[in-house]
Number of protein chains: 2
Amino acid sequence: MALGRSKEKARQHAWYKHVDFHEIDLLGNSSGFMPLPGSRLMHLAWSDLTDFRSLSHLETSLPSNYRFIKHMVEHGVQTVLVAGTCLEYGHLCGPIRPETDPQPVLPYAAAKNMLHQQLQHLQHQQNFLLKWVRLFYMYGSGQNPRSVLAQLDAAIDRGDSTFRMSGGEQLRDYLPVEDVAAGLVKQLESPGQGPSHVCSSTPISIRRLVEERIRQHGVKMELELGYYPYPDYEPMAFWGANNKE
Amino acid sequence: MALGRSKEKARQHAWYKHVDFHEIDLLGNSSGFMPLPGSRLMHLAWSDLTDFRSLSHLETSLPSNYRFIKHMVEHGVQTVLVAGTCLEYGHLCGPIRPETDPQPVLPYAAAKNMLHQQLQHLQHQQNFLLKWVRLFYMYGSGQNPRSVLAQLDAAIDRGDSTFRMSGGEQLRDYLPVEDVAAGLVKQLESPGQGPSHVCSSTPISIRRLVEERIRQHGVKMELELGYYPYPDYEPMAFWGANNKE
């Protein structure tokens, strides 16, 4: 069963005919939907991801997502997996383990972290398993058109000879979106609780990421390194580590 | 100007005739009230203080208090002082400085801490001064009838010969309510921002606090120490420290 804001949009995907799709807007009244008893919820919804600084994350998304998840566990959902974000760690550098205390800077990251805390308090009154899975960076089908690799792909498609980017020295944790999806399913099916990561655990510089992509496409393109400044809300180098490593 | 939930209740106080009182329920629609431009808000309101574990702190009090304060700063309030709580520190022991990262355990304390964070995010969009003043323990007129000193006073009034209490070894930071009020006014009038404390900075055991109170009343009363267990949500020993000490 899949839930989403737009049946229209869902219909364009190949998977649509294989699932029982329900159109739901979390920001509206979602209390009409009744889950199957004992079912598991994988919660990947969030709004306004084009503006991490919007107060709507705290004022609107936080209470509406909490309300929806509470409604689901009150009506029989027994396992809840929610996608957290590596941005919850704020300016922390280096390898980060999932038990690390978040220090979010952006309203988006703060709202995600508050949702996590609120759901932990809810667990004292409702019996359900909570898996908070922080995602790092990803690329592939459906990626944010403002992301560096989406912009690079567009430049390659246009046949550009140069590509403007940041200094490119920043170290990040990237996974193909298919690996992220497989990681989420694995976490949903594992018996454990608590915060965890879906990550590569291997830092890569944005410069090398871009160079490898260009090489894969077999094109020639010059990098205009340092054209854009580094974003001020991200540390220069951070990547995921897992509990058991 | 004073705002409160009940005009009826406010009328019973001597100060009522000296202030311009407005009846407002923050849990309802408080957007009709318009503050004086450039005025200062001392926010001491909160609900359900008889149950620190209620989810209403997170689900109802947090969004409604945030909404009210946002409305006030959008309509001209330039300085906002909000009463935080020493419970925001969770299980931390010893002297605690106000810049310490909160680690709240109770839904009440978590909601206060989230309100603090949400107001800091709001400051990026609205220009106002925020003073987050964490209060410790207090006693005096109007105190919570479930507090140890209120119960002791009731026992003294009844002429009881024994008083049942916890082990009494726990160390706390207590101030008379008049000193708390003076401390709040002082903080409101100071130029600074950021988290601060109104506290005595001197730890006292609950046992000694009770013994001194009995002595002041000039009565004889035996303490049944250890009758009640220590509360599980408070550390054995914590008290306030101030930045400048």
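The dialogue below works through some features of this predicted model and the reasons for the terms applied to them.

Student: What makes the crossover between β3(A) and β4(A) right-handed?

Tutor: The chain passes from β3(A) through helix α2 (residues 56-74) of chain A to β4(A), and such a crossover is called right-handed because, with the strands pointing away from the viewer, the path from the first strand over the helix to the second runs clockwise. The strands β3(A) and β4(A) run parallel and are joined by four bridges, one of the bridge partners being A:Thr79 in β4(A), which faces A:Arg40.

Student: Which residues of β3(A) lie on its covered face, and which on its uncovered one?

Tutor: A:Leu41 and A:His43 make up the covered face, whereas A:Arg40 and A:Met42 make up the uncovered one. In a regular strand, side chains alternate between the two faces of the sheet.

Student: Why is the pair of A:Tyr139 and A:Tyr174 called tilted?

Tutor: The ring centres are 6.1 Å apart and the planes stand at 40°; pairing requires centres within 6.5 Å, and planes under 30 degrees apart would count as stacked and over 60 as edge-to-face, so the term that remains is tilted. A:Tyr139 belongs to strand β7 (residues 137-139) of chain A and A:Tyr174 to strand β10 (residues 174-176) of chain A, so the pair ties together parts that are 35 residues apart in sequence. Both rings also belong to one aromatic cluster, together with A:Phe136, A:Tyr137 and A:Phe238.

Student: How do you know whether A:Tyr139 and A:Tyr174 are buried or partly exposed?

Tutor: Buried means under 20% relative accessible area and exposed means over 50%, so A:Tyr139, at 23%, counts as partly exposed, while A:Tyr174, at 13%, is buried.

Student: Why do A:Arg134 and A:Glu88 count as a salt bridge?

Tutor: Their closest N and O atoms are 3.1 Å apart, and because a side-chain nitrogen of Arg within 4 Å of a carboxyl oxygen of Glu is what defines a salt bridge, the pair qualifies. The pair links distant parts of the chain, A:Arg134 being in strand β6 (residues 129-135) of chain A and A:Glu88 in the loop between β4 and β5 (94-96) of chain A, 46 residues apart. A:Arg134 is buried, with a relative accessible area of 1%, and A:Glu88, at 0%, counts as buried too.

Student: How do you know whether the partners in the salt bridge of B:Arg53 and B:Asp232 are exposed or partly exposed?

Tutor: The closest N and O atoms of this salt bridge are 2.8 Å apart, and the pair joins two loops of chain B that are 179 residues apart. B:Arg53, with a relative accessible area of 43%, is partly exposed, whereas B:Asp232, at 57%, lies over the 50% limit and therefore counts as exposed.

Technical notes:
Residues are numbered from 1 along each chain as its sequence is written. Chains are lettered from A and ligands numbered from 1 in the order in which they are written. This is a predicted model: local features need pLDDT of at least 70, side-chain atom pairs count only at pLDDT 80 or more; totals for chains, interfaces and linings use all residues. Side-chain values use heavy atoms; hydrogens and water are left out. Buried means under 20% relative accessible area, exposed over 50%, partly exposed in between (1.4 Å probe, protein chains only). Two strands pair if DSSP finds at least two bridges between them. Rings of Phe, Tyr and Trp (its six-membered ring) pair if their centres lie within 6.5 Å; planes under 30 degrees apart count as stacked, over 60 as edge-to-face and the rest as tilted.
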